[in-house]
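User: Please take a close look at one part of this structure for me: the cavities inside it. What lines them?

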Amino acid sequence: MVEPAARVEVGVAIVGAGAAGLWAAQVAASRLAELGRPDPGVLLLEKTPRTGTKVLASGGTHCNLTTTLPPDEAAALFGKEAERFLLPALWNLPPAAVRERFHQLGVPTVEAPLEKIFPASGRAKDVRDAMEAAARAAGASIWLDASVASVAREGERWRTELADGRVVLSRALMLCPGGKSYAGSGTTGDGYVWLKSLDLPIVEPVPALVPLTSPEVWVRELTGIAPQDVEARLLSPKGKVLATRRRPVVFTHQGLSGPGAMDLSEPVARYEAGGRIGPLPRLALDLAPDLGRDELRALLLDAATAKGAPRLSRALGLELPKRLRAQIAASAGLDELDPRVGHITKAQRHELIETLKGLQVPVDGTLGYDKAEVTAGGLALKVVDPNTLGVRGHPGLHVFGELLDIQGPIGGLNFQAAWSTAELAAIDAVARLST
């Protein structure tokens, strides 16, 4: 146990007792114990009065802790550069191994739709408690209310100075304080200041996995409607497809939420951060993703000549709420909500198909860091070794978790990246103590 003295020396110092930090502390302390070297010890520093605050709040307090996807499919969802970077970590600790690790810690898990994994209890607290208990049992010390003021190289060691004047010297320093999302958890962007003090390159942070705002009254009038099978496409002002995600979307009193919209929020946030003048990207919602335009056209033409003169809703077989159908009808220029198909003109049929395959939803921003699940941007990946999470040119320094320029979609993927990068970082940090 490392006592909170004015000046202490440890083997490994970890800054940030969130998902990544708790995982790294347990792995590092366990490996030191296996090597018969519990000293010089592992010290985990947390600026707030408790560990894992964002873990506790995640998934609506249910904690979507990983995914059912295999490593290569999971990595591909982070974008090309991050995919290449993450593959070594995800293959070393794949989602299935994370699930098994939690089972060993006494947290059974269950699968949920959309490739999600949750604790069987549905309690994020069980995840946090198990991780903290495992870190302590392995021999890691945890200091709470230990806000870090600065980090610097001091000879062969790293010097971490706390806001209250205490100093921690360590052979290995691991930074995982999170980004700037959900500032109430303590993630206020401190890590970026430390990285800049070391002259390390940073990709400008912006809020990500955050609800979008819309200036359109009709969008807000659809509040509460949540189409489940929809493909959301983010379009540039010139109509270029920037990103696509097939996930549920939720209309809100401010705009759009749900994974389909939030997964596409980073480009909008970057547009905001750039202070650009002019139209922002917009969202197009494909409300019939399993049907192509030609198939929809055939359905409508067949229905128009069928006996009984079916109405539009019956002809298409799409289960959409009345308020949403009313907006589709208005956007397509139809005279009534559910006309008989035979009464729809050729021009109206064309507009209807285009509306169903791409309902245009203007957006004018995001709800910012306070409502963001993660931060996009951070330490540039080019200066980090993907096999060790060590920072090139800075021996003994490891950066991982949300402080890296890595951001995946909703679905346990960002937690998975945190666990996997923390594992590699901890393994390398301990290995360095033996050299």
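Analyst: Start with a term: helices here are DSSP runs of at least four residues, numbered from the N terminus. The model is a predicted one. Now to the cavities. The structure contains three of 30 Å³ or more.

Take the largest cavity. Its volume is about 140 Å³. The lining is made up of 13 residues, and the closest to the centre are Leu-312, Ser-313, Leu-316, Arg-325 and Ile-328. Which helices supply at least two residues each to this lining? They are helix H12 (312–316), helix H13 (322–332) and helix H14 (346–357). Sorted by class, the lining of the largest cavity holds 10 nonpolar residues, one polar and two charged.

Next comes the second largest cavity. Its volume is about 60 Å³. Leu-22, Trp-23, Gln-26, Arg-101, Leu-105, Met-131 and Ala-134 line this cavity. Helix H1 (19–34) and helix H6 (124–138) are the elements that give two or more residues to the lining. H1 gives the most, with three residues. By class, five residues of this lining are nonpolar, one is polar and one is charged.

Arg-101 lines the second largest cavity, and helix H5 covers residues 95–104. H5 lies across E3, E4 and E5, and runs at about 140° to E4. Those three strands make an open antiparallel sheet, in the order E3-E5-E4. Strands E3 (66–67) and E4 (109–112) are at the edges with a single partner strand each, so one side of each has no neighbour in the sheet. E3 pairs with strand E5 (residues 116–119) over two bridges. Thr-66 sits opposite Ile-117 in E5.

Terms used:
Residues are numbered from 1 along each chain as its sequence is written. This is a predicted model: local features need pLDDT of at least 70, side-chain atom pairs count only at pLDDT 80 or more; totals for chains, interfaces and linings use all residues. Side-chain values use heavy atoms; hydrogens and water are left out. Two strands pair if DSSP finds at least two bridges between them. Contact means heavy atoms within 4.5 Å. Axes are lines fitted to C-alpha atoms, for helices over the stretch in contact, and angles run from 0 to 180 degrees between N-to-C directions. On a 1 Å grid over the protein atoms alone, a cavity is a set of points where a 1.4 Å probe fits but cannot get out, and a pocket is an open set with protein on both sides within 12 Å along at least five of seven lines; lining residues have an atom within 4 Å of a point. Grid points are joined across faces, edges and corners, and a volume is the space filled by probe spheres set on the points. Ala, Val, Leu, Ile, Met, Phe, Trp, Tyr, Cys and Pro count as nonpolar, Asp, Glu, Lys and Arg as charged, and the others, Gly among them, as polar.
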